[in-house]
Amino acid sequence: MTRIVIMGGGPAGYEAALVAAQHGAEVTVIERDGAGGACVLSDCVPSKTFIASSGARAAFRDADELGIHPTGDASVDVPVVHGRVKGLALAQSADVRSRLQREGVNLITGTARFSDDNLGLAAHEVTFTAPDGKSEELAADVVLIATGATPRILPDARPDGERILTWRQIYDLAELPEHLVVIGSGVTGAEFASAYTEMGVKVTLVSSRDRVLPHEDADAAAVLEEVFTEHGTTVVNNSRATKVERVGSGADGGVVVHLQGGGTVEASHALMTVGSVPNTEDLGLETVGIEPGPGGFISVDRVSRTSVPGVYAAGDCTGVLMLASVAAMQGRIAMWHALGEGVAPIKLKTVAANVFTHPEIATVGISQQAIDSGEVPARTIMLPLATNARAKMQGLRRGFVKLFCRPATGVVIGGVVVAPTASELVMPIALAVQNQLTVEHLALTFSVYPSLSGSITEAGRQLMRHDDLD
Ligand SMILES: Cc1cc2nc3c(=O)[nH]c(=O)nc-3n(C[C@H](O)[C@H](O)[C@H](O)COP(=O)(O)OP(=O)(O)OC[C@H]3O[C@@H](n4cnc5c(N)ncnc54)[C@H](O)[C@@H]3O)c2cc1C
Ligand SMILES: NC(=O)c1ccc[n+]([C@@H]2O[C@H](COP(=O)([O-])OP(=O)(O)OC[C@H]3O[C@@H](n4cnc5c(N)ncnc54)[C@H](O)[C@@H]3O)[C@@H](O)[C@H]2O)c1
């Protein structure tokens, strides 16, 4: 029986474990914090739960336009919101734990590290250290490194859990910040800036680039900036934070953010969202002969192999695409490959992703930027939701659907949806991209009338009409 040891119990680790167990391997997952990993306990699941509460508050405000005037202020019960966030994370972690145990996976709590005596061995040794300090050696035919990543800390902006915070510390605050400065305008920064804005907090977003979400669709980012402006959220563009210091004390205390070039921003709290670093130190990688690449990430190929036979890596520690869905797929692929199953290499051009701002921004496939730069030839259409009957009924003035297809064949190669439920609406486009469906397939598919997804089939029709004229 193949002995598999998995370091880390996040989506990469636990999804891999499920596949390996289903294929009859003897699987041990070593996880130091809790089943589900950082994804479930401190990153993705807690943030999306918090965003669900902020979305409920936003719905109150948005109802006004529909003639519904909620009486009184939509106040936020912070202990309830934070309690719900933490409770749901723990419950989700318990679900993952019991699923793994049901499938026969041996899940142990502790820290894992390679301890091979010599390089180049066919099997590997992993030392597991329990929280009480006791350690044990496990022999493995295959090891999967799935140790995730940790918030990046700037030397002059060290989080203290009180005023200067990482996203993992915010749920311990007793009250909402009076004025939150969010530093870093990537997906994490944009999501928290949006959520706190919807919670009624004054927010300043410091972006080192010329716009929010520098790696996302520019038209989508422009919609988000418009929404921020409408709700009084300030975006400070082209500004890099060099230092965050605490000033004052007690209830009067706060932070001063120093910006490159001399400016400052004063606020009650700072949330650092300046990226993540992989958890690849202290793994004993040198004992198996793996040298991490730039930034400490472990290089893998498209079936999750590292440079060392029998050692695979998946998820955030590889830096491939830091998404739970990608981590899980990399983990599964690693196990299928290791256990000799036929496996297709991961296809990153078909990944669907969503930024959980208000409105949401969902993308799949080829980006507008790749088309504009001439890298990928495509025909494109962008339909504003303002022309969609259902959107009008719901009072949605912003948002759009974009669809991209191959010029000659009409095969759908990508799309963007900006809408309150973009994460759900992007699915038909993702299905089309994955299965190489054409705009005609979309165009001829019945969508419900009236529905936001009607804009997707309409986008297909508009691109098809163009096709016919070619
Ligand atoms: C705020 C935030 C929100 C996000 N929201 C989304 C989202 O909505 N959708 C999405 O797809 N992605 C989201 N992501 C990204 C997603 O959380 C990650 O891509 C995902 O967690 C990666 O999974 P993983 O298994 O690689 O690592 P992790 O989930 O980080 O799990 C790795 C685990 O390994 C453990 N570990 C580390 N070293 C050792 C060791 N030596 N021994 C034992 N255990 C060890 C860690 O403690 C951790 O528990 C979000 C990220 C952030 C920061
Ligand atoms: N909804 C989701 O799926 C979701 C949510 C959150 C994160 N993630 C993923 O996690 C990964 C990391 O995202 P992220 O946003 O945490 O990190 P990131 O590295 O993508 O963004 C961090 C941003 O902070 C900026 N920055 C760095 N130092 C700065 C400074 N001193 N002052 C001001 N700005 C500074 C960087 O230029 C960058 O734009 C991404 O791959 C993302 O897709 C996904």
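Reader: What makes residues 3-331 a "FAD/NAD(P)-binding" domain here?

Author: The label comes from an unreviewed UniProt entry, whose domain annotation covers residues 3-331; such annotations may be inferred rather than shown by experiment. This is a predicted model, where local features need pLDDT of at least 70, side-chain atom pairs count only at pLDDT 80 or more, and totals for chains, interfaces and linings use all residues. Residues are numbered from 1 along each chain as its sequence is written, and chains are lettered from A and ligands numbered from 1 in written order.

Reader: Why are Ala16, Ala17, Leu144 and Ala270 called core residues?

Author: A nonpolar core joins buried Ala, Val, Leu, Ile, Met, Phe, Trp, Tyr and Cys residues through C-beta atoms within 7 Å, buried meaning 20 or more other C-beta atoms within 10 Å. These four belong to the largest such core, of 137 residues, and touch the most other members. Helix H7 (residues 324-338) gives the most to this core, with 9 residues; a helix is a DSSP run of H or I, at least four residues long.

Reader: How do you know which residues are around ligand 1?

Author: A residue counts if its C-beta atom, placed from the backbone, lies within 6 Å of the molecule. That gives 36 residues, with Gly8, Gly10, Gly37, Gly148 and Gly315 among the closest.

Reader: What makes Gly184 part of the shell around ligand 2?

Author: Gly184 is one of the nearest of 25 residues there, along with Gly186, Thr188, Gly275 and Met322. Helix H5 (187-198) and strand E19 (352-355) each give two or more residues to that shell, and H5 has the largest share, 4 residues.

Technical notes. Buried ≥ 20, exposed ≤ 12 C-beta atoms within 10 Å, placed from the backbone.
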